[in-house]
Amino acid sequence: MARDARYDILFEPMKIGPVTARNRFYQVPHCNGMGWRDPSALAAMRGMKAEGGWAVVCTEMTEIHQTADVTPYVELRLWSDHDIPMHARIAEKIHEHGSLAGVELCHSGYTSSNLWSREIPLAPTAMPTSSSFNSPIQARTMDREDIRNLRRAHRAAALRSRTAGYDLVYVYAGHGLGIFQQFLSRATNMRNDEYGGSLENRARLLREVIEDTKEAVGDRCAVPVRIAMNEFLGPNGLEPAEGEDAIGLMAELPELWDLSLSSWEKDSQTSRFSEEGFQEPYIKGVKKLTTKPVVGVGRYTSPDTMVRVIKQGIMDMIGAARPSIADPFLPKKIEEGRLDDIRECIGCNICVTGDFTMSPIRCTQNPTMGEEWRRGWHPERIRPAGNVKNILVVGAGPAGLEAARALGTRGHKVTLADARSEAGGRVALECRLPGLAAWGRVRDWRLLQIAKLPDVQLYLESQMTPDTLAEFEADYVVLATGSSWRRDGVARHHTRPIPIDGNADVLTPDDILDGKRPKGKDLVIYDDDHYYMGGVIAELLRKEDYAVTLVTPSYLVSSFTKASLEQHAIQSRLLGLDVKVEANQGLTSVSAGHVTLACVFTGRIRELEAGSVVLVTARNVRDHLFQTAAEKINNLACIGDCFSPGTIAAAVHAGRKFAEEFGSPLPDFLDLPYRREVIGLS
Ligand code: ADP
Ligand code: SF4
């Protein structure tokens, strides 16, 4: 199919200084938890974006010097010439598919604690380093020599970037992470020399480094600037007006303006808190300040919206991190007129959790993300079946849907059966929770793809039993029957059931998702799960006028969501709704009308009135069918939440993994099931 003419504008070439991008699709720098530890995996992942049609593909932040060491996070490094070969491999993989390779050079100032290098961190003005661990480390105020040295280090890294083959060499002043933003912002620059005070002075270093970089590599490489438009600190930090003034001061100096919000939490907002295009109000004034190309982001997945933002003069190139992760082939699909094949990002930030946990990137929608090199998975292709089999998949949740889709794509004949009247399993239910509607895309994309596969049949309202499984006479049966939330208080804090009075009104998330509601208006939600479920149920029921107290053994509400950049937004939303929070409290018993809490530090016991209780704790596998059918059926596997409850991303990955491996002998338990890169000894 040819592309629709109304999208032609997206495929116009764009000149960026000395280089030309083949279209307007721009993969902005994004972290991925692989960095210097997994360079070949990283190169393959970036190469996949290029293959999928992104005209510019950038690295994540790249430390330019040992005083910019962001340990424990794993990003890229260009500290010395030793680092050049891994960058050359990344650039080469991007070039193989005709795209431009960009590197985001970064000195992160007071946001790097230098835990590995043990160098004293540098800052415009001395202050404690900003780190997740509140490390007892302070950055010192840079003197003029430090500033000269920083400029030399940036220049040296720029030259190495050019040697590695990059086409775009960034100056990074974004997310509070780039030191040039720390100089620009009143929040972090209290200097009274020529680098502090007025905006001109605060912008001086940024201007000098742009000039240095252009002078060093500008003959062959474009020099973009990534800049924060708003720090959300009011007049104490960068606001859009001052951001625009800063851009106005050097409007024509860089070859491209890449706009973002600060901090990263504000920039990569989830769909629970923002819509596609949420950054437009902050960036729409920039294009009139400069003739240079402007790139913006905002989880753009709809080609019509992309055309609109270009035609309205908000941006010239469509920047994307998450949409390119969920679908590395998004540009190609628009180009080929295959819009309904686009795997739209659901805005969940599971991808970000990889970086925060220093583990390779993963994605809820795209199970091949991060697996391109080590497992050889491809987001658009899967090897055809050598020997076609009849496969029955039970359970049309994320695991079953992905398994059926991928097995069907391989050419197997697949029957997918689910007891419920709608497909999607937990996704169909959870996407009705406040703010989670976009999560339904996990189901929708797979149903659409399955509908195109003639040999995959979906049967709803088909409760399967051991007998019906046996009668079916499939060559292979895959059970993806999910999990259910526990009702006995067992999770992390209590590993054994807690006393629960039979007369107490106790519910679980399954009850709430099924439409049941607490009998008592004063409600305790006990969250020992710590991801989104406890917080989102608190939001739902508070909005339905229950008086909600959220009890958690953690010090924060939904504490894992720190890794998905949502924790602050979740807790402030709940507090804004007058949800009471009892942090650092374990639930020790449930009676009719009240619960007892114990402080996790002192053990001090308190009683709290509670007409009803919702337990958000651990989950049990729903493997009854597996246990009972195992005697009758030989070729039987159990995948996803019914094998072990986890995230939706893990269920999708399990479905894909089953389909990838089906028909091949599995490696021995002692063999590594994928490639691993081992550091060469010096
Ligand atoms: P996962 O996340 O592993 O995909 P889900 O809980 O989302 O798991 O989905 C499991 C699906 O399996 C649900 O839609 C449920 O209705 C279905 N299911 C569970 N048991 C049976 C059964 N015996 N027969 C048919 N479908 C079942
Ligand atoms: Fe989008 Fe979620 Fe995938 Fe990240 S993990 S790219 S937010 S779908």
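Mentor: Glu473 lies in the loop between α17 (466-472) and β19 (476-479). Keep in mind that this is a predicted model.

Trainee: What makes the phi of Glu473 worth a remark?

Mentor: Its phi is positive, about 55°, although Glu473 is not a glycine.

Trainee: Which peptide bond that ends at a proline is cis, and what is its omega?

Mentor: The bond from Thr71 to Pro72, with omega near 10°. Pro72 is placed in the loop between β4 (56-63) and β5 (76-77). Another cis peptide bond joins Ser262 and Ser263, and there omega is about 5°. Ser263 belongs to the loop between β13 (256-260) and α8 (264-267).

Trainee: Now the charged pairs. Why is the pair of Asp212 and Arg151 called a salt bridge?

Mentor: The rule asks for a side-chain nitrogen of Lys or Arg within 4 Å of a carboxyl oxygen of Asp or Glu. The closest N and O atoms of Asp212 and Arg151 are 2.8 Å apart, so the pair meets the cut-off.

Trainee: Where in the chain do the two partners sit?

Mentor: Asp212 is in helix α6 (residues 204-217) and Arg151 in helix α3 (residues 144-164). They are 61 residues apart, and the pair links distant parts of the chain. By this rule the count comes to 59 salt bridges.

Trainee: On to ligand 1. What makes its approach to Asp418 a polar contact?

Mentor: A polar contact needs a pair of N or O atoms within 3.5 Å. An oxygen atom of ligand 1 is 2.6 Å from an N or O atom in the side chain of Asp418, so this pair qualifies.

Trainee: How do you know that backbone atoms of Pro398 and Ala419 take part as well?

Mentor: Apply the cut-off of 3.5 Å again. A polar backbone atom of Pro398 is 3.1 Å from an oxygen atom of ligand 1, and a backbone N or O atom of Ala419 lies 3.0 Å from a nitrogen atom of ligand 1. Both pairs therefore pass. Taken alone, ligand 1 exposes 580 Å², and the protein buries 92% of that.

Trainee: Which residues come nearest to ligand 1, and what is the shell made of?

Mentor: Of the 20 residues around ligand 1, the nearest are Ala399, Asp418, Arg426, Met464 and Asp641. The shell divides into eight nonpolar, eight polar and four charged residues. Ligand 1 sits in the second largest pocket.

Trainee: And where does ligand 2 sit?

Mentor: Ligand 2 sits in the largest cavity. The elements giving two or more residues to its shell are α11 (322-326) and α13 (350-356). α11 gives the most, with three residues.

Trainee: What surrounds ligand 2?

Mentor: Its surroundings include Arg322, Ile325, Ala326, Cys345, Cys348, Cys351 and Cys363. The shell around ligand 2 divides into eight nonpolar, three polar and one charged.

Conventions. Residues numbered from 1 in each chain as written. Chains lettered and ligands numbered in written order. Predicted model: local features only at pLDDT ≥ 70, side-chain atom pairs only at ≥ 80, totals over all residues. Heavy atoms only, no water. Near = heavy atom within 4 Å. Polar contact = N/O pair within 3.5 Å; in protein donor to acceptor, adjacent residues only side chain to side chain. Areas by Shrake-Rupley, 256 points an atom, 1.4 Å probe, with all protein chains shown as cover. 1 Å grid on protein atoms, 1.4 Å probe; cavity = no way out; pocket = protein on both sides within 12 Å on 5 of 7 lines; lining within 4 Å. Sits in = over half its atoms within 2 Å of the grid points. Nonpolar A, V, L, I, M, F, W, Y, C, P; charged D, E, K, R; others polar. Helix = DSSP H or I, 4+ residues; strand = E, 2+ residues; numbered from the N terminus.
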